[in-house]
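Please look first at the sequence and the structure shown here.

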Amino acid sequence: MREIEDKWELKFENGMTAAADLVIGSDGYRSKVRPYLTDLKALYSGAAIIQGEIDHPEIGCPEMYELVNQGNLMAMGDGATLVVQPRGDGGFTFYAASMYPENWGISSGIDFGNPIEVSGYLKKHFVNWNPVFFMLFEASEHFTWRPLNYFPLSIRWASKSNLTLIGDAAHLMPPNGEGVNLAMMDALDLCACLTSGRQANLKEAISAYEDIMFERAAPLCMETIDGIKDFAAPTNDSVKELVRLLSNTKS
């Protein structure tokens, strides 16, 4: 991708090229478009997840399969959080979250390509949990180490007349249940700013959208980072407080 006068020339992996008056980067955390707007890099939140995949949970971990029952399961406490979600193909994806030093995935010496080794670590890490979760770890055929990073939104880029970002490419943050919603709102607001006729030119329209996007995303990102420890390494007291809030009852 390179800028030629007021346009962008895009070159694709298949060798094809195209010219564009406006490029909207919606290509996620590892956006190839973002560096053309800002060199601000992602920061580590202090939390990370170990993601596991199970293709046939009804065979590999039948007790957990019955417990999930086509829903989502979240278990929290004792300094860790575990989330289990069914996939569309009948398999399971699970996320084991905790607080870790930066680059722990390398410094730990764990081979995340070795399911037996990762499963062994998780069973030690969750040693005080119900053994039903150990079946989940043992049944996983594939693990991935995922640090939870975020883009600091206190500093914004200078608006351009032919380039902008939406979704994680603009405002990556740890999982908070709002990521997809933010991306869809970004697209809606960008469309409105580009077509409303309220701005004098394309640059003003993009700047107006980015004002809305930053104002909406920045406080959510800060709230997520401030609460990352309660999510990834909750204490028993913080879990009780969360249950109280969700059930709207007094302790």
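This is a predicted model: local features need pLDDT of at least 70, side-chain atom pairs count only at pLDDT 80 or more; totals for chains, interfaces and linings use all residues.

Visitor: Which residues of helix α4 are buried?

Guide: Buried means under 20% relative accessible area, exposed over 50%, and partly exposed in between (1.4 Å probe, protein chains only). Helices (H or I, at least four residues) and strands (E, at least two) are DSSP runs, numbered from the N terminus. In α4, residues 115-125, the buried ones are Val-118, Ser-119, Tyr-121 and Leu-122.

Visitor: Why do the buried residues of α4 line one face of the helix?

Guide: The arc is that of the directions from the helix axis to the C-beta atoms. The buried residues line one face because, seen down the axis of α4, they fall within an arc of 160 degrees.

Visitor: Which exposed residues does the face of α4 turned away from its buried side carry?

Guide: The buried side of α4 has Val-118 among its residues. The face turned away from that side carries the exposed residues Ile-116 and Lys-124.

Visitor: How many salt bridges are there?

Guide: A salt bridge is a side-chain nitrogen of Lys or Arg within 4 Å of a carboxyl oxygen of Asp or Glu. By this rule, the count comes to eleven.

Visitor: How many residues apart in sequence are the parts that Glu-210 and Arg-156 tie together?

Guide: The side chains of Glu-210 and Arg-156 meet in a salt bridge, at 3.4 Å from N to O. Glu-210 lies in helix α8 (residues 202-226) and Arg-156 in the loop between β9 and β10 (163-165), so the pair ties together parts whose separation in sequence is 54 residues.

Visitor: What is the N to O distance in the salt bridge between Arg-156 and Asp-211?

Guide: Asp-211 is partly exposed, at 40% relative accessibility. The side chains of Arg-156 and Asp-211 meet in a salt bridge with an N to O distance of 2.5 Å.

How values were computed
Residues are numbered from 1 along each chain as its sequence is written. Side-chain values use heavy atoms; hydrogens and water are left out.
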